[in-house]
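Good morning, everyone. Please take a moment with the sequence and the model on the screen. Then I will walk you through two parts of it.

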Amino acid sequence: MSKKYLITTFGCQMNEHDSEKLAGMLENMGYSEGETLETSDIIVLNTCSVRENADLSFFGKLGYLKNLKKNHPDLTISVCGCMMQQPHIVETVKKKYPFVDIVFGTHNLHEFPQMLIESLSNRELSVHVWNEEGDIVEDLPVKRKLETKAFITIMYGCNNFCTYCIVPFTRGRERSRKPEDIIREITELAQNGTKEIMLLGQNVNSYGKTLENRMDFADLLYQINEIKYLERIRFMTSHPKDLSEKLIKAFGACEKVCNHIHLPVQSGSNRILKLMNRQYTKEHYLQLIEKLRMVDKNIAISTDIIVGFPGETEEDFAETLDLVKKVRYDSAFTFLYSPRKGTPAEKYEDIIDEDIKHKRFNQLLKTLNDITQEKNLLYEGEMVDVLIEGKSKTDETKLSGRTTTNKLVNFKSNSKEGKIVPVRITKARTFSLEGEAIEN
Ligand code: 5AD
Ligand code: SF4
């Protein structure tokens with residue numbers, strides 16, 4: 001029987017996709033995916049450092065693994081991802097969690113098989129963390145979680161240095177994959193049944209700046225739009241400062257690009273946006289929304305918002321609420337500001353009281369949810385095309401999938417995962433829609 005591995009992933013879709021690559025490498029080495037931590041031989045924790053609660057859940061999990069390793073000394077424990085790019089975290093792991101076997105950073109992912117072989121032979125803690133990014137490594141094996149909907153990284157790193165954000169420190173400088181490598185990967189996937197792809201990057205809108213043959217994200221979208229058998233193109237994340245006229249036009253012109261954009265705004269106050277180093281104003285952002293709605297009046301818009309950034313006054317927060325009401329988001333991720341070691345904002349004074357932060361957070365959530373619910377109600381009685389992703393998480397007898405506007409739909413159907421089916425929406429909920437498939 002083959003040895004088992006289990007990967008626990010914290011954080012964003014970039015991390016999810018890195019874990020798919022780790023799984024691919026492990027399967028190539030003859031391991032197979034295990035079901036529980038207790039029955040696995042290799043455990044990998046792929047970490048996130050974007051907010052403090054992600055750090056805490058990682059250390060909580062490591063605490064649990066300590067006991068597991070006592071009863072199972074052959075177990076190999078590897079920790080990787082964004083947290084390992086922070087020297088103080090690696091020090092903590094070495095000091096407090098010496099039972100860990102392998103520590104590696106985001107730039108060393110491709111070296112995992114070699115590290116594992118070495119660790120299995122010498123059983124000593126090995127640490128592999130490059131401070132700087134190396135060349136992009138192509139053709140790593142990938143074991144995808146979903147075949148119908150595939151993640152494709154198009155660029156790595158970020159040059160923006162938003163003052164609250166750790167990502168430029170953990171993922172390094174911006175660098176883009178060559179378009180021919182991206183097109184080849186997607187073409188192969190589409191030929192093998194993948195219907196939807198999600199292009200990933202910290203700021204996909206600045207794709208191409210590091211390429212020898214300069215091209216931009218809009219050019220890339222036009223090329224991907226031509227790929228045979230592919231039906232849907234999504235991408236995230238877009239930075240408002242780099243959302244060009246050309247890209248907005250491509251949005252309207254490429255029929256495979258889904259009617260949804262995730263456009264993080266972070267705050268509606270120009271003063272706070274400046275302190276965050278976001279490089280746009282509320283007015284500019286609202287103009288972008290207007291332009292997007294001009295090329296696609298049904299476009300769904302989602303965002304990220306941080307509440308309680310240092311110095312945020314009641315007036316600043318009121319500006320955020322005002323922006324939310326003007327844009328009328330389809331959905332939003334909301335975050336309590338969390339200071340990150342080494343970022344400029346960590347040193348900012350005028351910290352917001354926790355109670356005030358929570359009060360604002362709840363008020364924002366209520367405003368957002370009311371709008372989401374109202375927007376979802378407009379779907380009742382409408383026909384939508386849904387790409388089936390699998391069984392519904394809330395009701396085993398139903399399937400679930402998404403509309404091109406990224407709405408989650410639960411419905412009864414005899415169709416299979418990967419099919420796009422017409423569904424009539426019968427009921428709107430706050431975070432999902434109920435429907436019935438129109439089978440033929
Ligand atoms: N505190 C709170 N939220 C943060 N984000 C990034 N860094 C922080 C932080 N220090 C949020 C931003 C970003 C999303 C991925 O996480 O909203 O868009
Ligand atoms: Fe972080 Fe800003 Fe880069 Fe996004 S654009 S990853 S928020 S620094």
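Start with two strands. β16 (residues 399–402) and β17 (residues 408–412) run antiparallel and are joined by 4 bridges. Two strands pair if DSSP finds at least two bridges between them. In this pair, G401 stands opposite V409 of β17.

Some ground rules. This is a predicted model, where local features need pLDDT of at least 70, side-chain atom pairs count only at pLDDT 80 or more, and totals for chains, interfaces and linings use all residues. Residues are numbered from 1 along each chain as its sequence is written, chains are lettered from A and ligands numbered from 1 in the order in which they are written, and side-chain values use heavy atoms, with hydrogens and water left out.

Back to the strands. β17 also pairs with β19, in the parallel sense, over 4 bridges. There, N410 has E434 as its bridge partner in β19. On to β18 (residues 420–428): β18 and β19 pair in the antiparallel sense over 5 bridges. A428 stands opposite L433 in β19. A hairpin of 4 residues joins β18 to β19.

The order β15-β16-β17-β19-β18 makes a closed barrel of 5 strands, with mixed pairing.

Is E434 buried or exposed? E434 is buried, at 11% relative accessible area. Buried means under 20%, exposed over 50%, partly exposed in between, using a 1.4 Å probe and protein chains only. E434 sits in strand β19 (residues 433–437). In β19, 4 of the 5 residues are buried.

Now the ligand. Which residues are around ligand 1? They are V50, R51, Y164, Q266, D304, I306, F335, L336, Y337, S338 and R340. Each has a heavy atom within 4 Å of the ligand. By type, this shell has 6 nonpolar, 2 polar and 3 charged residues. Here Ala, Val, Leu, Ile, Met, Phe, Trp, Tyr, Cys and Pro count as nonpolar, Asp, Glu, Lys and Arg as charged, and the others, Gly among them, as polar. β13 (300–307) and β14 (331–336) each supply at least two residues of the shell.

Finally, some distances. A side-chain N or O atom of Q266 is 2.7 Å from an oxygen atom of ligand 1. A backbone N or O atom of Y164 lies 3.1 Å from a nitrogen atom of the ligand.

Conventions: Polar contact = N/O pair within 3.5 Å; in protein donor to acceptor, adjacent residues only side chain to side chain.
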